[in-house]
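Thank you all for making the time this morning. I would like to walk through one model with you, going from the whole chain down to single residues. Please keep the picture open while I speak.

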Amino acid sequence: MLLTSLPKRSARARLRRVVSFLAAAILVQGLIFFATPLLAFADPVIFFGEDINTTLSCGAGTDNPDRIATPNSDIAHVAFIENLSGVAVEDFESFVDGANPGSLSFGSETATVLGGPEIKDVPTETFNGAFPISGDKLLFHLGVGSEFDIVFSNPQAAFGFYATDVGDGGAQLILTLTHDVGGPTTIPVPHATTPCPLGASTSGSAFYVGIVDLDNPFTQVTFANTLSQLDGFGFDDMTIAVAEQVLCGNSELDTGEECDDGNNASGDGCSEFCVIERFCGSVPEPELGCRQSGLRGGKLIIKDRTLRQRQVKVKWARGVDTTYDEFCEAADTQQLPDGNYHVCIYDDVDGTPELLLETVVRPGMQCSGKPCWKHKVGRKCKFKDKSGTIRGVNQLKLREGVSGKARWKLRAKGKDVPPPDLGETGRTFPMTVQMLIDDGSGNCWQTNYESAKKNDGEKLIAKK
Ligand SMILES: [Ca+2]
Ligand SMILES: [Ca+2]
Ligand SMILES: [Ca+2]
Ligand SMILES: [Ca+2]
């Protein structure tokens with residue numbers, strides 16, 4: 001498994017991150033995963049699924065004549081394609097056997113092939129283990145230089161393809177993305193390479209790999225074969241997409257997405273696969289551990305009449321002494337997800353607290369090209385994001401204080417606020433609101449609400 005290395009944080013939060021990762025990825029015998037490799041310049045999302053040919057015994061030294069089924073590759077393919085809209089596929093069927101394709105067509109987008117791969121027409125069985133996924137034809141690369149390139153007419157944000165018979169001769173496929181700005185990005189495709197001695201049983205194996213790089217689109221993909229004289233690679237059904245065609249990261253909630261915060265980064269409350277990253281527990285942290293607001297120091301408003309009018313306001317005031325550092329230091333943390341500010345709202349179901357809603361505010365974020373966070377060092381800090389990129393949160397203000405002067409306030413509004421279930425006839429009290437900063441300090445701030453001013457299923461207002 002290739003997993004992102006996890007920044008240090010509490011074991012509980014770490015577990016949650018891994019669980020949400022597993023929810024996002026589909027795992028079949030460890031052969032399918034979607035992960036973010038650590039790369040110097042970019043941070044692409046990788047979709048990968050592999051099907052190993054097991055019909056030949058290890059070290060048989062012959063090529064596989066039979067085509068295998070490709071269920072794992074297909075799952076990765078579907079996950080990749082479902083994240084794109086309106087894309088066309090190059091299936092290589094329009095070329096003749098033995099041709100160097102020269103120019104590829106992806107609907108309105110085109111690409112040029114540089115180097116020596118050629119078309120193979122393989123209507124039945126396999127060509128030394130390589131076989132087409134669609135139709136009769138595939139693109140085949142062997143022994144004519146270690147590399148070939150596909151150069152795109154426009155910068156692309158996504159690229160995916162099936163490959164067959166890769167690695168059975170001991171070679172590794174390495175993809176290099178060339179960007180207009182920065183880079184290049186090198187991606188060693190995580191396929192199997194001869195688990196047995198040379199000429200072994202991975203002949204006729206298959207995989208699908210899809211790459212999404214929204215942050216830094218690329219103009220060229222280089223295919224490097226580390227043993228090009230010994231190990232032929234087959235390729236078929238290539239797909240490309242420009243940034244506008246990538247659904248996760250387009251700031252719109254598309255089918256199959258729990259959230260979309262306009263990026264392909266994890267650790268900010270919405271994962272690279274547009275799955276909500278949960279932090280709040282199913283019950284609140286122990287009450288004694290949190291700093292309480294004072295008398296008349298709490299206000300909670302949740303409205304859910306229409307998508308546009310959906311609203312959450314939380315105020316915590318007149319509370320236990322809190323310093324500027326305790327409130328604001330995390331806001332400048334650069335290593336996600338450390339430093340996230342979480343507000344967790346619980347109601348009471350038959351005497352047991354139950355999570356009703358959670359919001360997240362991320363440190364170090366940029367809003368319209370400027371830092372979202374502003375500080376009056378030693379006194380207060382403020383997060384402001386007009387567009388409510390992450391779960392509709394527009395504002396979080398925190399002000400240090402002693403003798404009942406400490407306070408914080410959160411506002412979220414609009415369609416990106418997670419839908420609160422305010423119940424048919426309202427929610428059951430008492431309710432608990434907590435703010436936790438994921439900075440390892442264990443600090444939290446809490447208000448308990450015994451009853452509501454209004455609680456009719458569309459609007460919930462409570463005061464302390
Ligand atoms: Ca084909
Ligand atoms: Ca091969
Ligand atoms: Ca989307
Ligand atoms: Ca994100």
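This is a predicted model: local features need pLDDT of at least 70, side-chain atom pairs count only at pLDDT 80 or more; totals for chains, interfaces and linings use all residues.

**The chain as a whole**

Of the 464 residues of the chain, 43% count as buried, where buried means that 20 or more other C-beta atoms lie within 10 Å of the residue's own, exposed means 12 or fewer, partly exposed lies in between, and the C-beta atoms are placed from the backbone. Residues are numbered from 1 along each chain as its sequence is written, and chains are lettered from A and ligands numbered from 1 in the order in which they are written.

The chain holds three helices and 29 strands; these are DSSP runs numbered from the N terminus, with helices being H or I of at least four residues and strands being E of at least two. Taking contacts between residues at least 6 apart in sequence, 69% join residues at least 24 apart, a contact being two C-beta atoms, placed from the backbone, within 7 Å.

Let me turn to one sheet, which is open and built from eight strands in the order 22-23-24-25-17-16-29-28, with antiparallel pairing. Strand 22 (373-376) and strand 28 (454-455) stand at its edges with a single partner strand each, so one side of each has no neighbour in the sheet. Two strands are said to pair if DSSP finds at least two bridges between them, and strand 22 pairs with strand 23 (residues 380-384) over four bridges in the antiparallel sense. There, H375 has C381 of strand 23 as its bridge partner.

Strand 24 (residues 393-399) of this sheet contains L396, which is buried, with 25 other C-beta atoms within 10 Å. Leaving aside residues up to four places away in sequence, L396 touches Y341, V361, F383, W408 and L410.

**Strand 7 and its partners**

Which way do the residues of strand 7 point? K137, L139 and H141 point one way, L138 and F140 point the other way, and all are buried. Strand 7 (residues 137-141) pairs in the antiparallel sense with strand 6 (residues 118-121) over four bridges, where I119 stands opposite L139. Strand 7 also pairs with strand 14 (residues 233-241), again antiparallel, over three bridges, and in strand 14 the bridge partner of H141 is F233.

**The nonpolar core**

Finally, the largest nonpolar core has 98 residues, and those with the most contacts inside it are A158, A163, V246, I345 and L396. Such a core is a set of buried Ala, Val, Leu, Ile, Met, Phe, Trp, Tyr and Cys residues joined through C-beta atoms within 7 Å. Its largest share, six residues, comes from strand 12 (residues 206-212).
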